[in-house]
Amino acid sequence: MELSALNVAMKNSRPMHVILKALAEPRRMAILTLVRSRHELRAGHIATHFRSTRPGISQHLRVLTKAGLLCERRQGTSRLYGLRREGFGELRAFVDSFWEESLSRLKREVEAETQNERGR
């Protein structure tokens with residue numbers, strides 16, 4: 001993805017610092033890993049896997065949902081959480097932009113070196 005295309009994609013999505021900040025907390029990473037292992041999980045079930053209060057886990061779930069990494073749906077009085085793949089797509093596009101930029105720079109340097117060798 002070109003940088004200009006990435007900028008357009010990023011303007012239409014959540015600010016990347018919100019996603020990165022959500023991922024910076026180890027318990028949130030553990031929650032994402034847990035939810036990834038299942039299709040959907042109830043908030044109460046997620047809370048049983050941590051030494052934290054349910055309100056504490058609920059706060060982490062809210063942060064992950066606002067960051068676009070989890071989706072939430074209600075079923076009766078329960079809230080079920082699942083991964084939001086689109087959120088990870090936004091994150092991947094951001095990270096890939098650094099990789100693609102580095103590859104483009106390497107390609108230019110190799111091409112320049114090849115032309116210099118031909119000119120000798």
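**Salt bridges and a helix crossing**

Mentor: Let's start with Asp-96 and Arg-92, whose side chains meet in a salt bridge at 3.4 Å, N to O. Keep in mind that this is a predicted model, where local features need pLDDT of at least 70, side-chain atom pairs count only at pLDDT 80 or more, and totals for chains, interfaces and linings use all residues. Residues are numbered from 1 along each chain as its sequence is written, and side-chain values use heavy atoms, with hydrogens and water left out.

Trainee: What makes Asp-96 and Arg-92 a salt bridge?

Mentor: The term asks for a side-chain nitrogen of Lys or Arg within 4 Å of a carboxyl oxygen of Asp or Glu. Asp-96 and Arg-92 come in at 3.4 Å, N to O, so the pair qualifies. Both sit in helix H6 (residues 85–119), four residues apart, about one turn of the helix. Helices here are DSSP runs of H or I with at least four residues, numbered from the N terminus.

Trainee: Why is Arg-92 called exposed?

Mentor: Under 20% relative accessible area is buried, over 50% is exposed, and in between is partly exposed (1.4 Å probe, protein chains only). Arg-92 has 57%, so exposed it is. Asp-96 has 24%, so that one is partly exposed.

Trainee: How many salt bridges does the rule give?

Mentor: Five. Among them is Glu-72 with Arg-79, the closest N and O atoms being 2.7 Å apart.

Trainee: How do you know whether Glu-25 is buried or exposed?

Mentor: Its relative accessible area is 18%, so Glu-25 is buried. Its salt-bridge partner is Arg-27, at 3.5 Å, N to O. Arg-27 has 38% and therefore counts as partly exposed.

Trainee: Back to H6: why is H2 called roughly perpendicular to H6?

Mentor: Helix H2 (residues 16–23) and H6 pack at about 105°, with their axes 11 Å apart. Roughly perpendicular covers 65 to 115 degrees (under 35 is roughly parallel, over 145 roughly antiparallel, the rest oblique), so H2 against H6 is roughly perpendicular.

Trainee: Which residues make that contact?

Mentor: With contact meaning heavy atoms within 4.5 Å, H2 brings Met-16, Ile-19, Leu-20 and Leu-23, while H6 brings Gly-87, Glu-90, Leu-91 and Phe-94.

Trainee: Where does the side chain of Ser-97 reach?

Mentor: To the backbone oxygen of Phe-94, at 2.5 Å. Ser-97 lies in helix H6 as well, and with 13% relative accessible area Ser-97 is buried.

Technical notes:
Helix = DSSP H or I, 4+ residues; strand = E, 2+ residues; numbered from the N terminus. Axes fitted to C-alpha atoms, helices over the stretch in contact; angles between N-to-C directions. Polar contact = N/O pair within 3.5 Å; in protein donor to acceptor, adjacent residues only side chain to side chain.
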